[in-house]
Amino acid sequence: MSRTPSEAMPPECVPPESVIAKAPAAAAGALVEVRDLTWRPFGRREPVLAGISLHIEAGARVMLAGPSGSGKSTLLRALAGVLTTTETGILTGSVLIDGSPSAGSSVGLMVQDPADALVAGRVGRDVAFGPESFGMPRDQIWSRVRSALASVGFPYDEDHPTNALSGGETQRLALAGVLALTPRLVLLDEPTSMLDPQAAAVVREAITAAVRASGATLVMVEHQLTDWVDEVDRLVVLDLTGRVSADGPVAATLARSADSLAAQGVWVPGVAAPRPLDVARELCTPTLAGGSGSPGGSGSHGSPGGPGGPGGPGGGVLVSAESVSVLRRPRVSVMSANRPATAVQALLNVRADVSAGECVAIVGPSGAGKSTLTALLSGVDAPTQGLVRAGDVLMVGNVGLGGLGANPPADIDRWTSRALAARFGWVPQQAEQAVVARTVRGDVLSTSRHLGLDDDAAQTRVDGLLEVLGLSALSSADPHHLSGGEQRRLALAGAIAHGPSVLVLDEPTVGQDRLTWSAVAGVVVAARDAGIGVVLATHDPLLIALADRRITLRAGRIDSGPLLDSGPLADPGPLVDSEPLVDSGPLADPGRVGRWRGLAGRSGPLSLLLASIVLVLGAPFISDLRTALIAIGVQIAVASIVLGIGRPPWRRLLPGLFAVASVSFSNWLLSPGHEVSAGALAGLRVAFFVVPGVLLASRIDPSALGDHLGQRLRLPARPVVAAVAALHRFEGLGEHWDQLSRIRRVRGLGPGRSPLGRGRSVAALTFGLLIQTLRQAGRMAVAMEARGFSAGVASTAAGSTASILVPRRTWAAPAPWRASDSLMLALGLIVAGIPVFLSRL
């Protein structure tokens, strides 16, 4: 069971001594040799990496830096030996680890987007994936798991669901997965980019403790060097051509090349912080005159309004959240009945507003509810309680462009897509999900064209924004092929190009170098000065310093106050708790603990799966309505014995019932004389195995099913593990669909009211979901390969005829077969045999 907030250990409270003591031990470091490495993906004219040669001694700690888009993440994947796992291109040169190609548990890679590394539904099983892959004994696996989670200050226990984590918490989980491998070469891609300062300090200590204790070689990508310069002994800098532009000891390299490195975009310690780029206000002016407030000078920004009070420094209130609460309820899915129905209180009684010409920063620790609040303030999500209301300023001129009609709803989440897009722009935390077109330029233009803005003026504005944000050279590129930092800047351009009155940005400066940070900050300042109300959810102290007011969230609750000065943000004090509240009210069932959970609740996944399969074998023997009614009557009679006592899960059954209705209707329609009995018989035959199959499948945990298929049936581990990971991803498709729907809605691409418009929207969403799923599957494959997915397959080292034997995969959990499993299978055989018996009478 997951901990309650009072039991969770806040990450800032983890002492360094405990981190060092709990860091998993490992062998000595690996020797890395990169020789003339060049990589040009298909579709690119210029290589991403060009002639890279590096010699990294065993135990060295190397910082890999460079401007956004310089190939840093690509080089890490090459070092891990997974560059060509899902990408195609021309690769020359070599990468050798201790004289052999990169392979095995000696290399651990943490990818840039930690969500790509999730392969299990529970925290413990996710961290255990690597040790399982390399054949570690079960007792040692769980020792490694607990040690790795403790070392990164993870606030939950091993049974916590992975789909209930914030971005920062997911980042810590991904790092724990790497440390659990105790690799000799540790490769980390921006391991603290999405963490609050306190959590980042814990993670830095965990990394340095693990590396020092084991002597492992460390190669790490980071934009912010200040906190790492004393922990690494070498700095390698890549330039925008994918070549090494600087390489040497950290102190000497920074002293010798500080100015040139800063000019390239490297965050050089000691060099003055960059200033926001001077961006023309015309590129950010709100399109609706009523929403522009007072686009006058920034001199009025020094007198912010009080927290939650009406009126900001630039004009009237644009949008306000009035005592909003958000309770995250678990999504009902095919395989979710076996999970406890625990709701998470993401926000509780929060009040916030933003005015024209004002910049509001939403700050707080990871998991505090910042992304949830930004989604409410942008109108893409609805609160469970309370109201998010548009101010009178946004309601002016509601005829024509983005018209709201005669009686517009008070809550903005009920506005039409067109009305919302005309007034709001939103950049989500996962920037790749904001892609809505096939080219960079088309993506940024899409909302302006759907709103019917003047095309020449829109193109001029888009070209200016692409130039400012450093994306002009990529205007015809596929947005999915951009780097993470480039995709985030693209999302910003798409959110502001059509001239919204409210701009809501979730972590807009993650993955940015000095130059691109300056461009992003310049757009933020220009938008504010043009009269836009800007909302920032961020951990970036330099970006927070540009705000007029801050709202601090802790554990879903608010503690807001004005900024005291325009310099770096003062320490807000110790954070009480970074864990979302676990609610025991609306979804809790006081009688659930003592309630009969049925035979299915006591059976393992394999017996449930086999019972579902044998029902399919009995369905063909249902040849008349009498047999069908008797067989289904028996199923209904034993339902309480198998499934327990409770309300039927109608929502979970809807797809199965729809299939039954479809089969019944089609058979009635095609039967001679449109016989009702023919349709009814066909529907009942399908219902005989579909309905109980869905109900039994809902009790199956994918990880437990994999354990049984691998250990009981001894199926090959690779396909079993891949299938389990795919099932976990399948469970998240609903969330991805919802997120894509939100993005298209706020970009003016919502379905509208006509059947044709809704059909086109469903088709576009389906295609977008397919593209996102395929790309995420590719990135997950990279993460799985980096954690030993291919281990257990005999391989041959380059230049050698000797086969390298890797231990057979082990399983972190047992797969017992109990008496209840035998009873479950026997009951399935009996029910399936009823139609067979009746057919022979």
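Helices (H or I, at least four residues) and strands (E, at least two) are DSSP runs, numbered from the N terminus. The model on screen is predicted: local features need pLDDT of at least 70, side-chain atom pairs count only at pLDDT 80 or more, and totals for chains, interfaces and linings use all residues. Residues are numbered from 1 along each chain as its sequence is written, and side-chain values use heavy atoms, with hydrogens and water left out.

Select Ser 703 to begin; this residue sits in helix H21 (residues 702-711). Ser 703 counts as buried because its relative accessibility is 10%, where buried means under 20% relative accessible area with a 1.4 Å probe, protein chains only. Next, display its contacts (heavy atoms within 4.5 Å): leaving aside residues up to four places away in sequence, Ser 703 touches Ala 120, Gly 121, Arg 125, Val 724 and His 728.

Now turn to the largest cavity. Of its 14 lining residues, Arg 125, Glu 132, Ser 703, Val 724 and Arg 809 lie nearest its centre. A cavity is a set of points, on a 1 Å grid over the protein atoms alone, where a 1.4 Å probe fits but cannot get out; lining residues have an atom within 4 Å of a point. Select helix H3 (123-133), H21 and helix H22 (717-731), each of which supplies at least two residues of this lining. H22 gives the largest share, four residues.

Finally, select Leu 238 in strand E9 (residues 234-238). Leu 238 counts as buried, at 0% relative accessibility. Its C-alpha atom is separated by 10.0 Å from that of Ala 50, 188 residues apart along the chain.

Note on methods. Buried < 20%, exposed > 50% of the residue type's maximum accessible area, 1.4 Å probe, protein only. 1 Å grid on protein atoms, 1.4 Å probe; cavity = no way out; pocket = protein on both sides within 12 Å on 5 of 7 lines; lining within 4 Å.
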